[in-house]
Structure formats: structure tokens, C-alpha cells
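Biologist: Hi! Could you walk me through this model?

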Amino acid sequence: MVSPTLALFVRSKGPDEFWRKRRIFKLAAHFRGRKRNCYSIAVRYVHRALVYATKGRKLKKMDMAELWSRRVQAGCEQYGITLDTFKDTLTRNNILLNKKSLSDLAIWEPKSFEALVKLSRERAVVDSLPGLTERSVMNQVYGLANLKLDK
């Protein structure tokens with residue numbers, strides 16, 4: 001009977017290597033060509049893909065924050081107030097809503113958003129803050145409130 005020595009036991013390729021490779025191949029399953037089948041190539045591309053995935057999660061958050069800001073800014077411009085003045089007056093009125101909530105109100109609840117804008121305009125007039133403009137004729141004619149949608 002041959003008993004394996006410690007050196008032979010350490011050198012033997014066992015189940016550990018199988019599962020390590022399997023994990024990489026599982027992540028590379030949607031790749032094309034040798035990037036999918038050849039371990040040495042698959043490892044490089046899987047690691048690169050994981051780096052991109054990490055960066056992508058951060059970029060997605062930044063993109064969504066920018067989208068929400070643009071939507072709120074567009075809603076403010078429609079009612080003749082700048083975004084900075086709108087946020088400042090909401091804070092002075094103790095209305096603490098985040099960008100996402102304000103964006104949802106501007107898109108899906110225009111009447112509620114208009115009420116918030118009216119509150120902030122009144123506060124801006126009382127505190128004599130800059131950033132108030134007159135509503136343009138285009139926004140009054142083609143605003144959401146004036147559209148007649150037949151169902």
C-alpha cells in the first residue's frame with residue numbers, strides 16, 4: 001500500500017480546482033468563443049466584467065440623480081421659478097422632499113407639484129429671494145393642465 005506523503009497530497013488536483021473553475025465558467029456562460037470555454041482566457045474577461053459591473057452600479061445611481069434633477073428643473077421652469085430658489089423655499093417652509101419624490105410629483109402629479117411651486121413662490125416673494133420669473137406664454141398654452149385628452 002502506498003501512502004501519499006504531504007507533498008503529494010498538496011500537489012494533487014482535487015475538487016477545489018473543479019469548483020473554482022466552475023465558478024468562473026458560470027460567470028462566463030454568456031460570453032462568445034474561447035472567452036467562454038478556455039479557463040485562462042475566461043478568468044481575465046470575467047474579472048474585467050466584474051470591474052465594469054461595479055462601476056456600472058455607481059454610474060446608474062449618478063444617472064438617476066441627474067435625471068431626477070432635470071425633471072424637477074423642467075417642472076420649475078414651467079412655473080417660472082429657478083431650481084435653487086424652489087429648493088431653498090421648500091426648506092424654509094419645512095417641506096423636506098428628496099429629488100426622487102419631487103421628480104415623481106413633477107411627472108405624475110402635476111397639480112401637487114404646482115401646489116408646491118405656488119407655496120415656494122409665495123415664500124420667495126415674502127423673503128424677496130431672486131430667481132422668480134414670469135411664466136412664459138408657451139408654458140401657459142401648452143402646459144399639462146391645458147391639454148385636452150379624450151379617452
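Predicted model: local features only at pLDDT ≥ 70, side-chain atom pairs only at ≥ 80, totals over all residues.

Biologist: What does the chain average in pLDDT?

Modeller: The average is 86, and 80% of the residues score at least 70. pLDDT is the predictor's confidence in each residue, from 0 to 100.

Biologist: New topic: how many aromatic pairs are there in the whole structure?

Modeller: The search finds 4. Phe25 and Tyr39 form one that is edge-to-face, 5.9 Å centre to centre with 75 degrees between the planes. Rings of Phe, Tyr and Trp (its six-membered ring) pair if their centres lie within 6.5 Å; planes under 30 degrees apart count as stacked, over 60 as edge-to-face and the rest as tilted.

Biologist: Which parts does that pair tie together?

Modeller: Phe25 is in helix H2 and Tyr39 in helix H4, so the pair joins parts 14 residues apart in sequence. Helices are DSSP runs (H or I, at least four residues), numbered from the N terminus.

Biologist: And Thr89, buried or exposed?

Modeller: Thr89 is buried, at a relative accessible area of 0%. Buried means under 20% relative accessible area (1.4 Å probe, protein chains only).

Biologist: What does Thr89 touch?

Modeller: Not counting residues up to four places away in sequence, Thr89 touches Ser120, Arg123, Ala124 and Leu129. Contact means heavy atoms within 4.5 Å.

Note on methods: Residues numbered from 1 in each chain as written. Heavy atoms only, no water. Buried < 20%, exposed > 50% of the residue type's maximum accessible area, 1.4 Å probe, protein only. Helix = DSSP H or I, 4+ residues; strand = E, 2+ residues; numbered from the N terminus.
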